[in-house]
Amino acid sequence: MRFDVFTLFPEMFSAYLDESILKRAQEVGILQVGLHNIRDYTTDKHHTTADVPYGGGGGMVMKPEPIFRAVESILGAPPGCPVILLTPQGRRFSQKVAEELAGYPHLALLSGRYEGVDERVREHLVTDEISLGDFVLTGGELPAMAVIDAVSRLLPGVLGDPDAPQKDSHASGLLEYPHYTRPPEFRGWEVPEVLRSGNHAEIEKWRQAQALARTKKRRPDMLTQPEDEDGGEVS
Ligand code: 4FV
């Protein structure tokens, strides 16, 4: 799978992508990430990427020209893959959305800064908008990294244990059960006996019960039928 990322701060990504699981995924060719600096696609001597908002109101808005030039020179016009803008106004990112995006061979991610991008970018270049959550960040870089991370680990061969993604919180519709490892006793706190019993049927039963109890307590919303957009039951 390939991601092309359009940002004013490509170096923020290289640090994250150059470690651990995502680094290996690139080394073995499962994952490719192209990092593109929107400022490299400006044409004025000041390399201007943002300007004051029409109608006033403080802050700056990212100009359309450098963004269109960057995306179209890398991906063609129209772009040959979905162009996803990371924005608080987008559809909420989730494990389900990560699974959906993992089905694409190629995705472009656009990370905004300042107050956001000129609306004409949204209207005429962007094909999808995703929000990491109802909070405001200084930039769309972290959300783009989160999307690359959550999607890449679903790609076959990225995680050591191919079944891991199915066992994830949210993938199973329940939060994960408690995890323990050695030592069997720490500061007087014992690892539950059942987990040391070797009785896998009992262990599975315990884990399911724990996952359900934890979900009921912390995220009862996950146990109710999700509402679809207009409040009807999702069939
Ligand atoms: C954001 C989010 C987010 C808004 C203005 C960047 C900031 C600034 N992106 N999910 N939450 N973006 O807060 O995706 O340009």
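Student: Which exposed residues does the face of helix 8 turned away from its buried side carry?
Tutor: The model is a predicted one, and helix 8 covers residues 200–218. Its buried residues are I203, W206, A211 and T215. Seen down the helix axis, these fall within an arc of 160°, so they line one face of helix 8. The face turned away from that buried side carries the exposed residues A201, K205, K216 and K217.

Student: What distance does helix 8 reach from its first C-alpha to its last?
Tutor: Helix 8 has 19 residues, and at 1.5 Å a residue the expected span is 27 Å. The model comes close to that value, with a reach of 26 Å.

Student: Which residue caps the N-terminal end of helix 8?
Tutor: The cap involves the backbone nitrogen of A201, a residue that also belongs to the exposed set on the face turned away from the buried side. A side-chain oxygen lies 3.1 Å from that nitrogen, and the residue providing this oxygen is N199.

Student: In the open sheet of five strands, what is the strand order?
Tutor: The pairing in this sheet is parallel. Its edge strands, each pairing on one side only, are strand 2 (32–37) and strand 7 (128–131). From one strand to the next the twist averages 35°. Read across the sheet, the order is 2-1-6-5-7.

Student: Which residue in strand 7 does R92 stand opposite?
Tutor: Strand 5 spans residues 83–92, and its pairing with strand 7 is parallel over five bridges. Across from R92, the residue in strand 7 is S131.

Student: At what angle does helix 1 run to strand 2?
Tutor: Helix 1 comprises residues 10–17 and lies across strand 1 (2–7), strand 2 and strand 6 (106–111). Strand 2 is one of the edge strands of the sheet. Relative to strand 2, helix 1 runs at about 155°.

Student: Is D118 buried or exposed?
Tutor: D118 is found in the loop between strand 6 and helix 5 (119–124). Leaving aside residues up to four places away in sequence, D118 touches V61, M62 and P64. Its relative accessible area is 14%, and the cut-off for burial is under 20%. D118 is therefore buried.

Student: What is the omega value of the peptide bond from R182 to P183?
Tutor: Two cis peptide bonds may be set side by side here. The bond from A77 to P78 is cis, with omega near 0°, and P78 has its place in the loop between helix 3 (64–75) and strand 5. P183 lies in the loop between helix 7 (164–167) and strand 8 (185–186). The bond from R182 to P183 is likewise cis, and its omega is near 5°.

Student: What is the relative accessible area of R187?
Tutor: Phi of R187 is near 50°, a positive value in a residue other than glycine. R187 is placed in the loop between strand 8 and strand 9 (189–190). It counts as exposed, with a relative accessible area of 66%.

Student: And how is H47 classed at 41% relative accessibility?
Tutor: H47, too, is a residue other than glycine with a positive phi, near 50°. Its place is in the loop between strand 2 and strand 3 (50–51). A residue is buried under 20% and exposed over 50%. At 41%, H47 is therefore partly exposed.

Student: Which backbone oxygen does the side chain of Q26 reach?
Tutor: Q26 lies in helix 2 (residues 20–27) and is partly exposed at 27% relative accessible area. Beyond four places in sequence, Q26 touches L17, L31 and V33. At 2.9 Å, its side chain reaches the backbone oxygen of L22.

Student: Finally, what share of the residues in the chain is buried?
Tutor: The secondary structure of the chain comes to eight helices and nine strands. Its C-alpha atoms fill a box of roughly 70 × 45 × 35 Å along the principal axes. Of the 235 residues in the chain, the buried share is 40%.

Technical notes. Residues are numbered from 1 along each chain as its sequence is written. This is a predicted model: local features need pLDDT of at least 70, side-chain atom pairs count only at pLDDT 80 or more; totals for chains, interfaces and linings use all residues. Side-chain values use heavy atoms; hydrogens and water are left out. Helices (H or I, at least four residues) and strands (E, at least two) are DSSP runs, numbered from the N terminus. The expected span of a helix is 1.5 Å times one less than its number of residues. Buried means under 20% relative accessible area, exposed over 50%, partly exposed in between (1.4 Å probe, protein chains only). The arc is that of the directions from the helix axis to the C-beta atoms. A polar contact is a pair of N or O atoms within 3.5 Å; within protein, one must be able to donate a hydrogen and the other to accept it, and residues adjacent in sequence count only if both atoms are side-chain atoms. Two strands pair if DSSP finds at least two bridges between them. Axes are lines fitted to C-alpha atoms, for helices over the stretch in contact, and angles run from 0 to 180 degrees between N-to-C directions. Contact means heavy atoms within 4.5 Å.
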